[in-house]
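Subject: Structure handover

Hello,

Here is the structure we talked about. My notes follow below it.

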Amino acid sequence: MISSSRVQFKMSAYRTYRAPDLNAFVDKRVMISLNGRRKVEATLKSFDKFMNLTAEAAQEVQGEDKRDLGLVVIRGHDVIGIEPLEAIIPPRRK
Amino acid sequence: MAEYGGAFAPLEVVDQCLDKEVLVLLQGKKEITGILRGFDDNVNLVIDNVTDTEHVSQGKLVEKRDRVLLNGVQ
């Protein structure tokens, strides 16, 4: 156990209610990895604090097969990761 | 593009789908199509005229149900 009198660890409760900063990904083509070995390629349109996502022109990628889904809402519960498929400007930490 | 009336938040989009036919993809190779009647913050869903499809190695297993409460907590 490490203890220091100089460093104070403060966790802001506010941080848990903030939406993830996905603004850099909006309107960009992304590959979304989902629980249950699913991958969806789509254009991200919106998100919320639970990481629920709205995406357009979605295609479920299963190996070589692509299945068109159109407009989708994805539950944040099942989102593992979001990978950009085109160049994005990463958000600046303030 | 504007089919969902300019609403962007994910649950707003689900709200626009009320009384319309939806396709719900579940974990694994299961999916459900039917008419969405209701939902809540946990994305529990009430769906009518359900066709419950499971993709198995030989093809598909299809079942029909009248009304389904889909547990959103999974």
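A polar contact here is a pair of N or O atoms within 3.5 Å; inside protein, one atom must be able to donate a hydrogen and the other to accept it. Please keep in mind that this is a predicted model.

Arg75(A) sits in the loop between strands S4 and S5 (79-84) of chain A. Ala24(A) is 51 residues away from Arg75(A) along the chain, and their C-alpha atoms are 20 Å apart.

Interface of chains A and B

The contact involves 18 residues of chain A and 20 residues of chain B. About 1,500 Å² is buried between the two chains, and carbon and sulfur atoms give 54% of that area. On the chain A side, the most area is lost by Arg38(A), Arg67(A) and Arg75(A). Together these three make up 31% of what that side buries.

The rule finds five residue pairs in polar contact across this interface, with both residues at pLDDT 80 or more. Three strands of chain A each give two or more residues to the side that touches chain B: S2 (38-47), S3 (53-62) and S4 (65-74). By class, that side has eight charged, five polar and five nonpolar residues.

Salt bridges

How many salt bridges does the rule find across the interface of chain A and chain B? It finds one. Arg67(A) pairs with Glu31(B), and the closest N and O atoms are 2.9 Å apart. Over all chains the count comes to eleven.

Lys45(A) and Asp27(A) also form a salt bridge through their side chains, at 2.6 Å from N to O. Lys45(A) lies in strand S2 of chain A and Asp27(A) in the segment before strand S1 (29-34) of that chain, so the pair ties together parts that are 18 residues apart in sequence. As background, side chains of opposite charge can pair when their charged atoms come close.

Largest pocket

The largest pocket holds about 1,000 Å³ of space. It is lined by 35 residues, and the closest to its centre are Val72(A), Val73(A), Leu23(B), Val24(B) and Leu25(B). Which elements give two or more residues to the lining? From chain A they are S2 and S4, and from chain B they are helix H1 (10-16) and strand S1 (21-25). By class, the lining has 21 nonpolar, seven polar and seven charged residues.

Best wishes

How values were computed:
Residues are numbered from 1 along each chain as its sequence is written. Chains are lettered from A and ligands numbered from 1 in the order in which they are written. This is a predicted model: local features need pLDDT of at least 70, side-chain atom pairs count only at pLDDT 80 or more; totals for chains, interfaces and linings use all residues. Side-chain values use heavy atoms; hydrogens and water are left out. Contact means heavy atoms within 4.5 Å. Buried area is the accessible area (1.4 Å probe) that two parts lose on being put together, summed over both. A salt bridge is a side-chain nitrogen of Lys or Arg within 4 Å of a carboxyl oxygen of Asp or Glu. A polar contact is a pair of N or O atoms within 3.5 Å; within protein, one must be able to donate a hydrogen and the other to accept it, and residues adjacent in sequence count only if both atoms are side-chain atoms. Helices (H or I, at least four residues) and strands (E, at least two) are DSSP runs, numbered from the N terminus. Ala, Val, Leu, Ile, Met, Phe, Trp, Tyr, Cys and Pro count as nonpolar, Asp, Glu, Lys and Arg as charged, and the others, Gly among them, as polar. On a 1 Å grid over the protein atoms alone, a cavity is a set of points where a 1.4 Å probe fits but cannot get out, and a pocket is an open set with protein on both sides within 12 Å along at least five of seven lines; lining residues have an atom within 4 Å of a point. Grid points are joined across faces, edges and corners, and a volume is the space filled by probe spheres set on the points.
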